[in-house]
Amino acid sequence: MKISDIKCHVLVADDFDPGLTSSAQDSLLVVISTDEGLRGFGESDLNPYIGRACIEAPGTHTMGLSMRELLIGMDPLDIETVWHRLYTMTAMNGRRGAGVHALGAVDMALWDIRAKVAGEPLWKLLGTPRQTPVVPYASLQPAGKTFETYRDAICKDAEKAKDLGFRAVKAECTMAGPYAHDGMNESYDRHTELVAAVRKTIGPDIVLMIDVQYLWRDADTAYSVARDWEEFDLYFLETPIWPDFLDEHAKLADLLSIPIASGEWLSTRWEFIELIERGKIGVIQPDIGRVGGLSEARAVCELAAERQLPVVPHCWKTGVSISATAHLAFTRPEIQYIEYLPPQLCVEKLRRELAKEDLQFVDGEIVPPTRPGLGIEINWDAVARYSEN
Ligand SMILES: [Mg+2]
């Protein structure tokens, strides 16, 4: 079997607003076709115009070849060879960051093909099935432009998630800093007030995670605020510090009793080794598309397992990436929770419309999917509706 074509769909929701934090307003959907008529689907969470260029740009020299040109004619089932050839021969186009994120979408599509050829749901090919259930957490994004509307919206969604049977919720608490929601700039006291309000809303029995999205640049400032959050029994504090400042991560990890979670933007296992060993983080958060696909996400899970650290993958995208994340979780017991929202709870059009996934949420757990491959059905009307040239 040979790869016969690669198509990159640049999708942007017609109501997108660049002032909002949600990256689910766009998508890079990669479709790989084979000479035997099979198609595999992959996705990555990066600016889709850039992702398309990473895959489709013509090659210009030996270490800056074209992913698309390299892929045509290769065996789609030999994923390891394809991954390393693409990673090596495009090294000067982007050995980290966008280049690897785009490679992640290619890798995801190849795993989809491999499982479809086997006639099995993807998780059965990724490793040994785990003995414990896959538990999702509800990821709650804010609405509103004032502290009161932001707080009330998050608390209302937390209540809704609890009623739906979620055992864990994550609240974005980002009213200042580089990732601030919709231009907000609230005090740290207000951030503390928000954490307290969410904990009060859900009660003591639901697991609570807080994401401050790179609010601080140093450990001392972070600790001066977050030490007051220790009383709220947080499962983790996500991305408190800008990801380049690994020594500050390590310092905060020593000071704070709440585990630090990070890793959503990283590409390749090599960046995770640095974050874990030098940054001393406590919860590992690869995003499958960005880290370099299912192949590289599996390698990161190995790193975590060797160190007995939990993995909670990042995933804020459409049913394509969410399916890939769930399939991986069914073979990796170190994955303690997956980020998941049923499409009906999402405002993002692409999340709701692009792909119908084979995932059911029952009694707080995800039921193992049964359809071959990723098990998704692409809504081609949505692809046509949101495609940009
Ligand atoms: Mg986050």
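Predicted model: local features only at pLDDT ≥ 70, side-chain atom pairs only at ≥ 80, totals over all residues.

Trainee: How many of the residues of H5 are buried?
Mentor: Labels first: helices (H or I, at least four residues) and strands (E, at least two) are DSSP runs, numbered from the N terminus. A residue is buried if 20 or more other C-beta atoms lie within 10 Å of its own, exposed if 12 or fewer, and partly exposed in between, with C-beta atoms placed from the backbone. H5 is mostly covered, and its buried count is 18 of 21 residues.

Trainee: How far apart are the end C-alpha atoms of H5?
Mentor: The expected span of a helix is 1.5 Å times one less than its number of residues. With 21 residues, H5 should span 30 Å, and this agrees with its end C-alpha atoms, which are apart by 31 Å.

Trainee: Which element gives the largest share of the side of domain 1 that touches domain 2?
Mentor: Domain bounds come from an automatic or database domain assignment, and here that assignment gives domain 1 (3-119) and domain 2 (125-378). Counting two residues as in contact if their C-beta atoms, placed from the backbone, lie within 7 Å, 37 residues of domain 1 are in contact with 35 residues of domain 2. The elements of domain 1 that give two or more residues to this side are E2, E3, H3 and H5. The largest share, 14 residues, comes from H5.

Trainee: What is the bridge partner of Glu238 in E8?
Mentor: Glu238 is itself the partner, in E7, of Asp211, and E6 and E7 pair in the parallel sense over 4 bridges. E7 and E8 also run parallel, joined by 2 bridges. In E8, the partner of Glu238 is Ala261.

Trainee: Which helix does the chain go through when it crosses from E7 to E8?
Mentor: A crossover is right-handed if, with the strands pointing away from the viewer, the path from the first strand over the helix to the second runs clockwise. E6, H9 and E7 make a right-handed β-α-β unit. The crossover from E7 to E8 is right-handed too, and its helix is H10.

Trainee: Why do the buried residues of H11 line one face of the helix?
Mentor: Those buried residues are Thr268, Arg269, Glu271, Phe272, Leu275 and Ile276. The arc here is that of the directions from the helix axis to the C-beta atoms. Seen down the axis of H11, the buried residues line one face because they fall within an arc of 155°.

Trainee: Which residues are exposed on the other side of H11?
Mentor: In an α-helix, residues three or four places apart point the same way, because there are 3.6 residues a turn. The buried residues of H11 pack against several elements, including H5, H10 and E8. On the other side, the exposed residues are Trp270 and Glu274.

Trainee: Is Gln308 buried or exposed?
Mentor: Gln308 is in the loop between H13 and H14, and has a positive phi of about 55° although it is not a glycine. With 7 C-beta neighbours inside 10 Å, Gln308 counts as exposed.

Trainee: Is Ile335 buried or exposed?
Mentor: Ile335 is found in the loop between H14 and E10. Leaving aside neighbours within four places in sequence, Ile335 is in contact with Cys301, Val311, Val312, Pro313 and Ala329. With 26 C-beta neighbours inside 10 Å, Ile335 counts as buried.

Note on methods
Residues numbered from 1 in each chain as written. Pairing = 2+ DSSP bridges.
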